[in-house]
Amino acid sequence: MGIYGLGAIGQLVAEAGRGLGMDILVFGQSASVAKAQAAGYAVARDKTDLFERSDVLSLHVRLRPETTGIVTAEDLARMKSTALLVNTARAELIAPGALLNALRKGRPGYAAVDVYEQEPVVGGNHPFRSMANVLCTPHLGWAEWTNFELYFRETFEQIMLFEQGGPLRLANPEVIPRRV
């Protein structure tokens with residue numbers, strides 16, 4: 001299992017892969033390499049090595065201006081025809097149209113995506129949805145315990161503030177009817 005970026009989520013995915021008996025191969029910035037070595041994971045020589053060797057490749061790179069399009073059509077073409085690319089990070093990490101074209105050419109052979117260049121996908125209108133070699137989920141990658149706790153706590157705080165007539169964190173306060 002290839003892990004591109006061994007941050008907090010990448011580490012969890014690598015641990016899960018190791019728990020399933022997979023050998024872990026990591027590529028990323030120096031912090032990712034150091035974490036990989038400390039955990040006993042293999043480190044890819046370079047990005048080419050990561051894409052060529054991975055049977056499953058999971059992206060966990062933060063989206064920044066310098067990482068936009070960091071996965072190119074050439075990278076995808078290096079993957080095995082039996083490989084699975086998993087993207088639960090950001091769609092923009094992959095060059096526009098590169099994954100769709102690569103899947104049509106059979107390298108990688110499969111993809112699991114949770115993020116899309118245009119979100120939300122309205123009415124199921126996305127080319128991936130009609131491809132037998134793609135598993136699509138509705139951007140659930142954020143769904144981990146810490147985020148659930150944060151969102152639920154904020155939700156209940158906002159309900160309590162609303163009931164007490166307190167200030168709310170709203171982008172559109174004009175939708176709240178004025179109390180008389």
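Here are some notes on this predicted model, point by point.

1. Ground rules. Residues are numbered from 1 along each chain as its sequence is written, and side-chain values use heavy atoms, with hydrogens and water left out. As this is a predicted model, local features need pLDDT of at least 70 and side-chain atom pairs count only at pLDDT 80 or more, while totals for chains, interfaces and linings use all residues.

2. The sheet. Start with the open sheet of seven strands, whose order is S3-S2-S1-S4-S5-S6-S7, with parallel pairing. Its edge strands are S3 (42-43) and S7, each of which pairs on one side only. A word on terms: helices (H or I, at least four residues) and strands (E, at least two) are DSSP runs, numbered from the N terminus. Two strands pair if DSSP finds at least two bridges between them.

3. Strand S4, residues 56-59. What covers the question of its two faces? Val56 and Ser58 on one side, and Leu57 and Leu59 on the other, are all buried. Buried here is under 20% relative accessible area, exposed is over 50%, and partly exposed falls in between (1.4 Å probe, protein chains only). On S4's pairing with S1 (residues 2-4), there are three bridges in the parallel sense, and glycine 2 has leucine 57 as its bridge partner in S4.

4. Valine 86 in turn stands opposite alanine 112 in S6; S5 and S6 run parallel and are joined by four bridges.

5. S2 (residues 25-27) and S3 run parallel, joined by two bridges, and valine 26 is partnered with valine 43 in S3. Is valine 43 buried or partly exposed? Valine 43 counts as partly exposed because its relative accessibility is 29%. Leaving aside neighbours within four places in sequence, valine 43 is in contact (heavy atoms within 4.5 Å) with Leu25, Val26, Val33, Ala36 and Gln37. Take Val33 from that list: valine 43 and valine 33 are 10 residues apart in sequence and 6.6 Å apart in space, C-alpha to C-alpha.

6. Helix H5 and what follows. The buried residues of H5 (98-105) are Ala98, Leu99, Leu100, Ala102 and Leu103. They pack against H4, S5, S6 and S7 (134-136). Just after H5, glycine 106 takes a positive phi of about 90°. Have a look at the next stretch too: the peptide bond from arginine 107 to proline 108 is cis, with omega near 0°. Proline 108 lies in the loop between H5 and S6 (110-113).

7. Aspartate 75. This residue is found in helix H4 (residues 73-77). Aspartate 75 counts as buried because its relative accessible area is 3%. Its side chain has a polar contact of 2.8 Å with that of lysine 47. A polar contact is a pair of N or O atoms within 3.5 Å; within protein, one must be able to donate a hydrogen and the other to accept it, and residues adjacent in sequence count only if both atoms are side-chain atoms. Not counting residues up to four places away in sequence, aspartate 75 touches Lys47, Phe51 and Ile70.

8. The second largest pocket. About 270 Å³ of space lies in this pocket. Of the 18 residues that line it, Gly97, Tyr116, Glu117, His126 and Phe128 are the closest to its centre. H5 gives the most to the lining, with three residues. By class, the lining has 12 nonpolar, five polar and one charged residues. The classes are Ala, Val, Leu, Ile, Met, Phe, Trp, Tyr, Cys and Pro as nonpolar, Asp, Glu, Lys and Arg as charged, and the others, Gly among them, as polar. A pocket is an open set of points on a 1 Å grid over the protein atoms alone, where a 1.4 Å probe fits, with protein on both sides within 12 Å along at least five of seven lines; lining residues have an atom within 4 Å of a point.

9. Arginine 153. Arginine 153 is found in helix H6 (residues 145-164), and counts as partly exposed at 45% relative accessibility. Its C-alpha atom is separated by 37 Å from that of glutamine 37, 116 residues away along the chain.

Terms used. Points joined across faces, edges and corners; volume = space filled by probe spheres on them.
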